[in-house]
Amino acid sequence: MSGYLDRFVADRAGVGPVVQPRMGFGTVSTMRSGLARVAALDYPVVGTLTLDSYTRVGDYTTPLQRLAAGEELNGYPIVSHPVERTAAVLAGLYGPAFPVQVRHGTALPLGVFRRLVELGLDATEGGPVSYCLPYSRVPLRQAVRAWAVSCRFLADHTERGHIESFGGCLLGQLCPPSLLVAMGVLEGCFFRRHGLRHMSFSYAQGTSAAQDRGALRALRALAATYLGDVTWHVVLYTYMGLFPRTPDGAELLIRDSARLARDAGCERLIVKTVSEAWQIPSIAENVAALRLAATEIGRPSPTEDPESGDDAYFEEILDEARTLIDAVLDLAPDVGDALVEAFASGLLDVPYCLHTDNAGAATCVIDDRGALRWGALGRLPLPRTTAADASGRLGSDRLYAMLEHVANRYDSPLIPPRGNP
């Protein structure tokens, strides 16, 4: 009905990404205040209603009980609050100049979708795989069916319903870019199969800027190939793994993500805050992070470095992701059935994901250039030479060091991360 997000992004094409917080608060008054502070900023920004962890698992009763007891929530319980109260949160803010996206983390999203449609909203995020395997114990087949019904509902009840695939953020870290790219495109095919024609594709900042630029190029190329008949754009997330513990390190990481989004031509940037490592960010911290990112985006782009290594990463990720996409789509006429079969057979396998429907045979490592690579392939349909360690053995010390890799690098005063390839 509105299509505010698509139009807002399209109107700003070519002038740098619009910025968006991951912001959600439990009470109506605080959520309203947060949206109002963000809407008042003097650069292009998208508003967010990030939902709480109870709503994500379908518990709509506990949030109101906790709020009545004076406790805080880690997000906004959109289904629990009456429609008229959330409408008051949005009144005078939500519109063509200030789109609002509902971000939820729900494997079974129909209840959330029904409520956002009641409110006149039409932009959300997630996917049948990306909101099932990392965040729930729901069987993948059940999640796929639930997402099929939910996507059809959104398509039937909105004119321009928009879903952002979260496939480019699987587990937040230690996932090879080719899988992130492939999952985004596959979820896009799923959305289209169930009636949606407006979407975006996420990608989480990784451990190497050159690799990330190559991955974002590959994502664009493959989205154009497989989803050229729909409207889409690309969304970069500031690093989703363990965040730097120092304010200086966190600020530098946010600045680097803003530069990456700008230089790679991303249309939208989801910004984290300096307090990610130790608390749920406040309104002021969200606003400060948006300002920091917007300022960096506004700086002149550097002259392209011919030694950046983007091309090699681009070709490698493009080939791997295309192989994964084609292998899955060949499994069944229905992309949802194909996704279920792909995980059951190990043709798709998310490293370090503990969901029972994930094979768990594939691993990821950080190579000597600081880039993410396949450690062991499991049954992935990729050349065996792709794997850095055919044995798949990975000790706990090495895994912990990889989890801490980015935080330690940005927190270290001796190893400036700026310009890291």
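Trainee: How many bridges join strand β5 to strand β6, and in which sense do the two strands run?

Mentor: Happy to start there, keeping in mind that this is a predicted model. Strand β5 covers residues 162–165 and strand β6 covers residues 198–204. Within this pair, E164 stands opposite S200 of β6. The two strands run parallel, and the number of bridges joining them is 4.

Trainee: In what order do the strands of the open sheet lie, and which are the edge strands?

Mentor: The sheet has 6 strands with parallel pairing, in the order β1-β8-β7-β6-β5-β4. An edge strand pairs on one side only, and here that applies to residues 18–21 and 123–126. Those stretches are β1 and β4.

Trainee: Which residue of β8 is the bridge partner of L236?

Mentor: Let's look at both sides of β8. On one side, β1 pairs with β8 in the parallel sense over 4 bridges, and P21 stands opposite V271. Strand β7, residues 231–237, is joined to β8 by 3 bridges, again parallel. In that pairing, the partner of L236 is L269.

Trainee: Which residues of β8 point the other way from R268 and I270, and are they buried or exposed?

Mentor: Strand β8 spans residues 268–271, and R268 and I270 point one way from it. These two and the residues pointing the other way are all buried. The residues you asked for are L269 and V271.

Trainee: Is S178 buried or exposed?

Mentor: S178 sits in helix α8. Not counting residues up to four places away in sequence, S178 touches I317, E320, A321, L324 and W374. Its relative accessible area is 1%, under the 20% cut-off, so S178 is buried.

Trainee: L174 and Y352 have a positive phi; which of the two is partly exposed?

Mentor: Most residues other than glycine have a negative phi. Phi is near 55° for L174, which lies in the loop between β5 and α8, and near 65° for Y352, found in the loop between α13 and β9. L174 has a relative accessible area of 5% and is therefore buried. At 25% relative accessibility, the partly exposed residue is Y352.

Trainee: What radius of gyration does the protein have, and why does that agree with a compact globule?

Mentor: The C-alpha trace spans about 60 × 50 × 40 Å along its principal axes. For 421 residues, a compact globule would have a radius of gyration near 22 Å, so the protein's value agrees with it. That value is 20 Å.

Trainee: What percentage of contacts with a separation of 6 or more comes from residues 24 or more positions apart?

Mentor: The protein has 15 helices and 10 strands, and 58% of its residues count as buried. For contacts with a separation of 6 or more, the share from residues 24 or more positions apart is 73%.

Conventions
Residues numbered from 1 in each chain as written. Predicted model: local features only at pLDDT ≥ 70, side-chain atom pairs only at ≥ 80, totals over all residues. Heavy atoms only, no water. Pairing = 2+ DSSP bridges. Rg over C-alpha atoms; globule rule 2.2 N^0.38 Å. Buried < 20%, exposed > 50% of the residue type's maximum accessible area, 1.4 Å probe, protein only. Contact = heavy atoms within 4.5 Å.
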